[in-house]
Amino acid sequence: MTPSPASPFLYFVDDRLSPAELSAARLDGHLVELGDAYIPADAVETSGLRAGSLRGILGDTLAATHLTAAWVHGALSEPPARHTVQRAVAKRLHHVMGRRILYRDGAIEQDDLQVLGGVLVTSPVRTLADLARVPDDSHAEAARLLADAHPGLASDAIAWLNAHGSLPHKRSALAFLRGLAERDRATAPRAGRQDDVTR
């Protein structure tokens, strides 16, 4: 899976515009900040633009995961203070560090990745499975929001976890995801009845 070129709607410092030009465009209201880049003020913020804004961090060898992927997929309104990234190539990477990233060295299977905005991001299913396995409130809330945005995703994440062997926090993650899937099923009939009433 090969990342593609970044969107022409993304502006990075020292790329097409100088820092002074970027600052002037932002002060004039022509550009707004998005992740590590800027976009035109009238552009629709998409998952592709959110992902593409991370090109400087991810390059061609890293994938956005966990809270960062949840932000890319639209579950979070703001990017995390530190981006979670993981190796997306078979060869081990050296010297991946920075105050703004949390790096995980295990390689991600290509089936769990998708290209968005020219960079690699874990799929919504893999993202939800990853979020559910981190035992803290911020990851749990991001998991709920991601599951709410994609009906049926919790059940898919359960299937993903069941298809993969021993993983840290798998048992608690499955219990948490079953709760989200049950909530999904409980709200689906109500939505159907409401559709019938409004027809």
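This is a predicted model: local features need pLDDT of at least 70, side-chain atom pairs count only at pLDDT 80 or more; totals for chains, interfaces and linings use all residues.
A residue counts as buried when its relative accessible area is under 20%. Asp112 has a relative accessible area of 6% and is therefore buried by this criterion.

**Overall composition**

The protein chain contains 8 helices and 7 strands. Of its 199 residues, 40% count as buried. When contacts between residues at least 6 apart in sequence are considered, 54% of them join residues at least 24 apart.

**Asp112 and Thr122**

Asp112 is placed in the loop that runs between strand E5 (101-104) and strand E6 (113-116). Neighbours within four places in sequence being set aside, Asp112 makes contact with Val121, Thr122, Ser123, Arg126 and Trp160. Thr122 has 0% relative accessibility and so counts as buried.

With residues up to four places away in sequence excluded, Thr122 touches Ala64, Thr65, Ala69, His73, Ile108, Asp112, Leu113, Gln114, Thr127 and Asp130. Thr122 and Ala70 are 52 residues apart along the chain, and their C-alpha atoms are separated by 9.1 Å.

**The contact of H5 with H7**

Arg126 and Trp160, both partners of Asp112, also take part in the contact between two helices, Arg126 from H5 and Trp160 from H7. Helix H5 comprises residues 124-132 and helix H7 residues 153-163; their axes lie 9 Å apart and the packing angle is about 75°. Angles of 65 to 115 degrees count as roughly perpendicular, and H5 and H7 are therefore roughly perpendicular to each other. On the H5 side the contact involves Pro124, Val125, Arg126, Leu128 and Ala129, while H7 contributes Leu153, Ala154, Asp156, Ala157, Trp160 and Leu161. By class, the residues of this contact comprise 9 nonpolar and 2 charged, with no polar ones.

Leu146 is found in helix H6 (residues 137-149). With a relative accessible area of 0%, Leu146 is buried. Residues up to four places away in sequence not being counted, Leu146 touches His73, Ala75, Pro124, Thr127, Leu128, Leu131 and Leu153. Among these, Pro124 and Leu128 of H5 and Leu153 of H7 also belong to the contact of H5 with H7.

Arg144 lies in helix H6 as well. At 30% relative accessibility, Arg144 counts as partly exposed. Apart from neighbours within four places in sequence, Arg144 is in contact with Phe176, Leu180 and Arg183.

| Residue pair | Separation in sequence | C-alpha to C-alpha distance |
|---|---|---|
| Thr122 and Ala70 | 52 residues | 9.1 Å |
| Leu146 and Ala75 | 71 residues | 4.8 Å |
| Arg144 and Leu177 | 33 residues | 9.0 Å |

**Histidine residues**

His83 is located in strand E4 (residues 83-87). A relative accessible area of 2% makes His83 buried. Beyond its neighbours within four places in sequence, His83 is in contact with Asp36, Leu54, Ile57, Thr68, Arg100, Ile101 and Leu102.

In His66, a residue other than glycine, phi is positive and near 50°. His66 is found in helix H4 (residues 66-72) and is buried, with a relative accessible area of 3%. His169 is likewise not a glycine and has a positive phi of about 60°. His169 lies in the loop between H7 and helix H8 (170-198), and its relative accessible area of 44% makes it partly exposed.

**The largest pocket**

Rolling a probe the size of a water molecule over the atoms shows where empty space is left. In this model, the largest pocket holds about 260 Å³ of space. Its lining consists of 16 residues, and those nearest the centre are Gln86, Arg126, Asp130, Arg133 and Leu167. The lining divides into 6 nonpolar, 4 polar and 6 charged residues.

Asp130 is among the residues touched by Thr122.

How values were computed. Residues are numbered from 1 along each chain as its sequence is written. Side-chain values use heavy atoms; hydrogens and water are left out. Axes are lines fitted to C-alpha atoms, for helices over the stretch in contact, and angles run from 0 to 180 degrees between N-to-C directions. Helices (H or I, at least four residues) and strands (E, at least two) are DSSP runs, numbered from the N terminus. Angles under 35 degrees count as roughly parallel, over 145 as roughly antiparallel, 65 to 115 as roughly perpendicular and the rest as oblique. Contact means heavy atoms within 4.5 Å. Ala, Val, Leu, Ile, Met, Phe, Trp, Tyr, Cys and Pro count as nonpolar, Asp, Glu, Lys and Arg as charged, and the others, Gly among them, as polar. On a 1 Å grid over the protein atoms alone, a cavity is a set of points where a 1.4 Å probe fits but cannot get out, and a pocket is an open set with protein on both sides within 12 Å along at least five of seven lines; lining residues have an atom within 4 Å of a point. Grid points are joined across faces, edges and corners, and a volume is the space filled by probe spheres set on the points. Buried means under 20% relative accessible area, exposed over 50%, partly exposed in between (1.4 Å probe, protein chains only).
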